[in-house]
Amino acid sequence: MQLNTKLAVIAAAVALAACGKKEEAAPAAAPAAAPAPTAQVIKIGHVGPTSGAIAHLGKDNENGARMAIEELNAAGLTIGGAPAKFELLAEDDAADPKQGTAAATKLVDAKVAGVIGHLNSGTTIPASQIYNDAGIPQISPSATNPKYTRQGYAGAFRVVADDVHLGGTLGKYAVETLKAKNVAVIDDRTAYGQGVADEFEKGVAAAGGTVVGREFTNDKATDFNAILTTLKAKKPDVVFFGGMDAVAGPMLKQMKQLGIKAKFMGGDGICTTELPKLAADGLGDDQVYCAEAGGVEGEQKAGMDKFRVDFKAKFNDDVKVYAPYVYDAVKVMANAMVTAGSADPKVYLPALKATNYKGVTGNIAFDEKGDIKNGALTLMTFKGGVRTNLAVIR
């Protein structure tokens, strides 16, 4: 038999032997893993005066925002099923209305999902129109002029009580508790300073007191001798200043130099931990009375105390006044996005309006205007250069 024939026979036998055997299938490939959802970057704007005379307050606010943003990112939140990464876009308005509107325009162009700010009423109010026109929600942590939330803007909110409550309460306190008969009033001509002074004057009149003089300065002034000399001649029991601590400090020094013994009062703008440094020996015990537009009491105090400790550990600086309100405002905005399942302002705005959030500054819910419901005031004085709480009033 030829070799080729032999090989053919063998091949045929092998083929026959294989007949009937089931061929083993190749192992099936594992299904490809679904790609992880891409994190959505959500831009939150913050605006405050981080330059100028009250830069210490603006930085305080910005640090409150940064603290909240870092905690949100550490929490690994998802919005609409996708991971969310929050990014803070911080702008400086130098407490100047023109710079404030420029900052607002910049944030709108950056397509932020919401804005926390501004600090001052004088910058918050003009900026609010820009945010409203762009459909971007805004939560102010500190602007107290009533006009802000009375413009009819759907996305304007605040987490502190307004000047009607603050100024009126202080006016009543001056007459009924401090027993002032004659009261002098000074304001710095800003939307905040003039607004809170007007409401204070109304409160004094309603309580039966008399305003014996009304003077004004500006938010960058350092010399008050002329207006203080005029008021000294009218022998006021109380001098009220509508403005910020950077002006109130030097004013207190000059009151002491002129021998004015009157009590000194003001709103939240002077009710800061920085005032003792700015006033130096012009600040006597139980001489200054002021009110913070917010406040906690009872079991809520523990949360605020913890916030202050954590803030000091993180930034090596004490809370000046507004940082906790900024912190809560950021958390409230993010919570509305999570609830709505979207960072689109049109989608999450209804959830923001319906907010019922327990923050370090107390419970936060908004009325139909965007004002905080049942807003608190904390009356304070200074003893030994330290702020001392007198009472929380609602």
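Guide: Two strands count as paired if DSSP finds at least two bridges between them. Strands (E, at least two residues) and helices (H or I, at least four) are DSSP runs, numbered from the N terminus. This is a predicted model, so local features need pLDDT of at least 70 and side-chain atom pairs pLDDT 80 or more, while totals for chains, interfaces and linings use all residues. Residues are numbered from 1 along each chain as its sequence is written, and side-chain values use heavy atoms, without hydrogens or water.

Visitor: Do β2 and β3 run parallel or antiparallel?

Guide: Strand β2 covers residues 78–79, and two bridges tie it to β3.

Visitor: How many bridges join β1 to β3?

Guide: Strand β1 spans residues 40–48 and β3 spans residues 82–92, and these two run parallel. Gln40, for example, has Ala84 as its bridge partner in β3. The number of bridges joining β1 to β3 is nine.

Visitor: Are α10 and α11 roughly parallel or roughly perpendicular to each other?

Guide: Their axes (lines fitted to C-alpha atoms over the stretch in contact, with angles from 0 to 180 degrees between N-to-C directions) come within 11 Å and cross at roughly 100°. Angles of 65 to 115 degrees get one label, those under 35 or over 145 are roughly parallel or roughly antiparallel, and the rest are oblique. So α10 and α11 are roughly perpendicular.

Visitor: Which residues of α11 do Met304, Phe307 and Phe311 meet?

Guide: Those three belong to α10, and contact means heavy atoms within 4.5 Å. The residues of this contact divide into six nonpolar, no polar and no charged (nonpolar is Ala, Val, Leu, Ile, Met, Phe, Trp, Tyr, Cys and Pro; charged is Asp, Glu, Lys and Arg; the others, Gly among them, are polar). On the α11 side, they meet Ala323, Pro324 and Tyr327.

Visitor: Which element gives the largest share of the lining of the largest pocket?

Guide: A pocket is an open set of points on a 1 Å grid over the protein atoms alone, where a 1.4 Å probe fits, with protein on both sides within 12 Å along at least five of seven lines; lining residues have an atom within 4 Å of a point. The volume, the space filled by probe spheres on points joined across faces, edges and corners, is about 400 Å³ for the largest pocket. Its lining divides into seven nonpolar, five polar and five charged residues. The largest share, four residues, comes from α10.
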